Amino acid sequence: MVKAVRNRSMWKASEVSDLKKRLLPMLGHTSGKRSAMTCALKCDNACAKGVCNTSDNNYFRDIVSAEFSRRNMLGVSGAGMVALMFGGGAAAASGSAAGLAPAAKKGFGSGNASKLKFAGIDGVANTVDDVVVPKGYNWEPVIRWGDPLFHDSAEFDPENQTPESQAGQFGYNCDYLDIIEIQGSNGKRGVLFSNHEYTNENIMFPPDMDISQVRKTAMAAHGLSVVEVERKGKGQPWKYVRGAKLNRRFLMDTEYELTGPAAGSDLLKTKADASGRVVLGTQNNCAGGTTPWGTILSGEENFNQYFKVSAPTDEQRRYGLTNTNPSRGWHVEEPRFDTDTPDGKNEDNRFGWIVEVDPFDPTSTPRKHTALGRFKHEGANVTIAKSGHAVSYSGDDERFDYLYKFVSKDTYREGDKKHNMSLLTEGDLYVASFSGNSPANQIDGSGVLPSDGAFDGVGHWIQLTRNNESLVPDMEVDQVLVYTRLAADKMGATKMDRPEDVEINPVNGKIYVACTNNINRTAAQADEPNPRANNRHGHIVEMTETGDQTSTQFAWKLLLVAGDPEMDESVYFNGYPADQVQPLSCPDNLAFDSAGNLWISTDGQPGTIQRNDALYRVTMEGPEMGKVEQFMAVPIDAETCGPVIHDEDGLVFVAVQHPGEDGSWDKQRSLFPDYLPAGTPSGKGGLPRPAVIQMFKGKNGFVGR
Ligand code: FEO
Ligand code: CA
Ligand code: CA
């Protein structure tokens with residue numbers, strides 16, 4: 001392990017500033033996994049509140065008989081259901097090679113064929129304020145919070161940020177990330193997309209800044225960014241281009257078009273938008289995906305925390321809308337965020353969607369696709385099934401919530417972008433039901449493998465809509481799509497341990513689901529796909545669709561059960577010797593390299609294994625299958641987001657989110673990425689700046705800009 005030597009700050013405790021007190025009435029709570037600041041600002045203390053899913057939709061071990069009675073409604077034959085219940089279909093399902101992406105036919109080659117060679121680093125203590133990369137690698141930022149995007153943008157001035165200056169600059173807390181080469185540029189020009197999930201007001205703004213200015217500036221630091229990047233040629237690092245023609249910020253007053261069967265529904269009409277078809281802004285965008293037709297999808301996640309609600313309805317409660325005093329105070333600035341006012345009625349229903357953006361057309365109207373359902377979307381990823389249909393997978397990141405997929409009605413046409421951009425507007429929405437194949441008494445919540453040596457089984461996709469019509473009893477299609485969680489409750493979906501990123505391996509066509517953790521699951525609630533009580537470390541599910549990805553049946557197994565193997569005997573990495581794997585906890589975002597190896601970024605390791613969050617590669621084929629190597633670690637308090645692996649180009653990218661977030665304006669904990677001398681006042685740049693960074697082979701020791 002080699003660390004660049006730089007100035008760093010390592011205060012042990014943060015000081016609660018006046019601003020923090022004003023913004024964070026819930027401060028002091030912590031779930032035990034993450035910092036109090038993350039809990040308060042990222043997901044509105046979700047862990048401190050009751051579980052949203054109070055449905056009597058049972059856990060698997062309780063539902064065998066109920067499944068049989070439902071089989072006709074779900075379209076599963078008697079024989080198929082027997083296979084689902086007792087695992088008889090698993091071998092056939094997992095052995096099917098049909099429906100693989102074209103690349104799958106190339107196979108893996110020998111062993112770990114990744115083009116990125118590196119010696120894995122050790123875990124990095126959770127007090128280190130550094131980016132740590134392997135020996136022989138270097139890193140540098142591509143773009144940072146506050147970097148000006150346009151010629152007329154104001155320069156970053158942390159002491160005097162305003163809504164207007166922020167609107168022309170890269171936003172805060174970048175999460176989803178992609179860098180796409182522009183065709184015909186010979187690898188010298190590209191476009192970078194990132195979203196901005198939330199803000200850390202406590203370290204962003206001076207405590208004496210006017211509170212209204214704080215709120216509005218933080219609002220402008222949310223949203224999305226598109227930025228052109230350039231470089232000398234392939235294999236070289238990128239730099240962002242100020243004033244480039246594709247550069248764009250998506251702000252809270254940007255118009256989004258609602259598409260699909262719920263567009264125009266009464267549930268989506270507001271005082272300001274009687275059509276129910278035009279929404280201003282996007283909130284709390286977390287992960288995302290890049291479509292085969294070159295657009296970007298972005299998931300609206302913990303939108304509930306921005307809305308004031310005094311007397312939540314059952315539907316609002318199911319979406320976590322219980323906070324009567326949103327800490328960011330947007331409802332004070334814009335009444336539409338106060339659902340108790342006429343302006344706010346139904347406004348909350350207009351968030352929680354998958355957003356689609358065309359980064360190559362700066363005049364295009366971004367869209368929110370109702371056909372994909374409304375929940376706390378981590379992200380969405382699309383593959384084209386062998387049948388030609390676009391299939392999108394999406395996790396609902398909440399304890400005991402569900403995994404969804406959408407299958408387009410129409411099929412993909414190579415090169416016809418206009419047509420392909422219609423694919424997510426009409427089709428079928430499904431939610432997953434998992435069944436284990438081991439006896440229930442062997443799934444005791446300890447995480448110890450059952451006697452058949454695997455947490456595995458089969459499952460089926462429960463259909464909620466067909467060609468934009470409801471298949472859920474007593475719910476119209478707009479209700480199914482606006483209140484998707486309630487529809488899935490009714491239909492008996494499997495409660496998962498916070499499904500985050502869902503990615504399709506481009507080499508083997510299988511689906512990988514990161515279940516990040518769930519400390520609320522009890523031993524009695526453990527089931528084979530979620531086998532641990534008090535699941536602090538999370539796990540990854542591998543799913544093999546029967547036939548192509550439009551299938552309603554699948555086989556599954558847990559690829560890994562995360563944690564520190566020295567402290568937890570349930571840690572399992574695809575059969576690789578547990579004493580030889582790196583500790584890894586709280587998998588969040590997933591990515592693949594060109595050889596189909598899985599890359600995992602984490603969110604929460606400082607609180608669970610006392611290490612900074614990190615990026616790992618898992619070998620997926622050959623004698624070292626299951627081997628975990630750590631590629632990098634992010635600085636203190638930060639989360640590793642949006643990994644992009646361009647191994648053929650020798651580049652790895654991550655979005656470094658919320659570095660130093662437990663600090664205060666007067667006592668910052670991180671100086672990433674500029675690392676100005678310790679003691680530099682925050683107003684003069686002595687503060688952390690969330691940033692997209694790139695890592696590449698080179699001399700260690702990057703020292704700021
Ligand atoms: Fe924003 Fe599910 O993490
Ligand atoms: Ca089993
Ligand atoms: Ca995430």
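Glu378 is buried (under 20% relative accessible area, with exposed over 50% and partly exposed in between; 1.4 Å probe, protein chains only), its relative accessible area being 0%. Asp588 is likewise buried, at 2%. The model is predicted, with local features requiring pLDDT of at least 70, side-chain atom pairs counted only at pLDDT 80 or more, and totals for chains, interfaces and linings using all residues. Residues are numbered from 1 along each chain as its sequence is written, chains are lettered from A and ligands numbered from 1 in the order in which they are written, and side-chain values use heavy atoms, without hydrogens and water.

Glu378, in the loop between strands E14 (367-369) and E15 (381-384), and Asp588, in strand E29 (residues 587-592), lie 210 residues apart and link distant parts of the chain. Strands (E, at least two residues) and helices (H or I, at least four) are DSSP runs numbered from the N terminus.

An open sheet of 6 strands has the order E10-E9-E14-E13-E12-E11, with mixed pairing; two strands pair if DSSP finds at least two bridges between them. Strands E10 (278-280) and E11 (285-290) form the edges, each pairing on one side only. Strand E9 (residues 255-259) runs parallel to E14 over 3 bridges, and Glu257 stands opposite Arg367 in E14.
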